[in-house]
Amino acid sequence: MTPPSIRPRRLRTTPAMRRLVAETRLHPADLVLPLFVREDAVASVPISSMPGVSQHSMDSLVRAAETAAEAGVGGVMLFGIPTVRDATGTQATAPDGILNRATELLAREVGDALVVQTDLCLDEFTDHGHCGVLDSSGRVDNDATLERYAEMAVAQAFAGSSILGLSGMMDGQVAVVLDALDAAGYIDTAVLAYAAKYSSAFYGPFREAVDSQLTGDRRTYQQDPSNRREGLREATLDIAEGADIVMVKPAMSYLDVLSDVAEISDIPVWAYQISGEYAMIEAAAAQGWIDRKAAVLESVLGIRRAGADTVLTYWATEIAEWIT
Ligand code: PBG
């Protein structure tokens, strides 16, 4: 046997060597923490399918955002859980709606330390749980929904959100929201397009997190998990419509799509490690089947390696504390 002269193991010899040659690193500023605020909560309410994650009261929300900011997390993404829901999601645009009030509060309290962002979608606010308004046959009406998104964008910008997360998967939503923002004078409010968002079983725990009223599914607007090219098409359209950031969601089951989008994008590419991805790792770790910290870090590192500049993850604060 001739001994090999090419030995990749040379670069793996010590922790210091591995650290030096690491191609991908995690940094707190590249993490965004999703936060839930519940209108009728007087204290935080644990979400049983997401151990460690809660529906916040206004007070506990501020504390969670402050802790994230102290850890160096780049931003927070806010979701609201209203007390009253109706067919058109009135509370999404009401200036005193829970999401808008919480945005105002966070922008004031932590807006200098991290970037306050908001979910722009109707599903938390509608009594049928769909991401848009319905037509007379019960189908999600794309263009009528766009009008609501335009109003929601202006309400969120007014409340002080710096980045609007368009997660509804309506056709044309980026262009319509940007027009509405411009017309209202909000030229500095950025648009994060959930460009490639797949209809996923891994959203399961999120339904509990926002007390979702949905009975069916979102397959007429979210993408079919079979389709890779279509993810690229959606991202390309959103970039052409003027999106400031594009996102792929979920993350771990869609790393191919993420890699494709990162390849063609000339704007930042983000990924959302969603509720079910979180729950899966937490559940296995709780059983002692995997090493929790190692699995969490590996999962987020893999998402970054596939091409995400920034990752939305429910572990954002904890990871930031680990790595600094
Ligand atoms: C829509 C929205 C959802 C999530 C983020 N924004 C729910 C859905 O599309 O069904 C899911 C996030 C997660 O599962 O962690 N408002």
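**Ligand shell, parallel strands and core**

The ligand is surrounded by Asp119, Cys121, Asp123, Cys131, Ser167, Tyr203, Phe206, Arg218, Ile274 and Ser275, where a residue is near a molecule if its C-beta atom, placed from the backbone, lies within 6 Å of it. This shell divides into five nonpolar, two polar and three charged residues; Ala, Val, Leu, Ile, Met, Phe, Trp, Tyr, Cys and Pro count as nonpolar, Asp, Glu, Lys and Arg as charged, and the others, Gly among them, as polar. The model is a predicted one: local features need pLDDT of at least 70, side-chain atom pairs count only at pLDDT 80 or more, and totals for chains, interfaces and linings use all residues. Residues are numbered from 1 along each chain as its sequence is written.

Turning to the strands, S8 (residues 245–249) and S9 (residues 269–272) pair in the parallel sense over three bridges, pairing being called when DSSP finds at least two bridges between two strands. Here Val248 has Ala271 of S9 as its bridge partner. On to strand S10 (residues 310–312), S9 again pairs in the parallel sense over three bridges, and Ala271 is bridged to Val311. Both faces of S9 are covered, with Val269 and Ala271 buried on one side and Trp270 and Tyr272 buried on the other (buried: 20 or more other C-beta atoms within 10 Å of a residue's own, C-beta atoms being placed from the backbone).

Finally, the largest nonpolar core has 97 residues, and Val76, Val177 and Met247 have the most contacts inside it; such a core is a set of buried Ala, Val, Leu, Ile, Met, Phe, Trp, Tyr and Cys residues joined through C-beta atoms within 7 Å.

Note on methods
A residue is buried if 20 or more other C-beta atoms lie within 10 Å of its own, exposed if 12 or fewer, and partly exposed in between; C-beta atoms are placed from the backbone. Helices (H or I, at least four residues) and strands (E, at least two) are DSSP runs, numbered from the N terminus.
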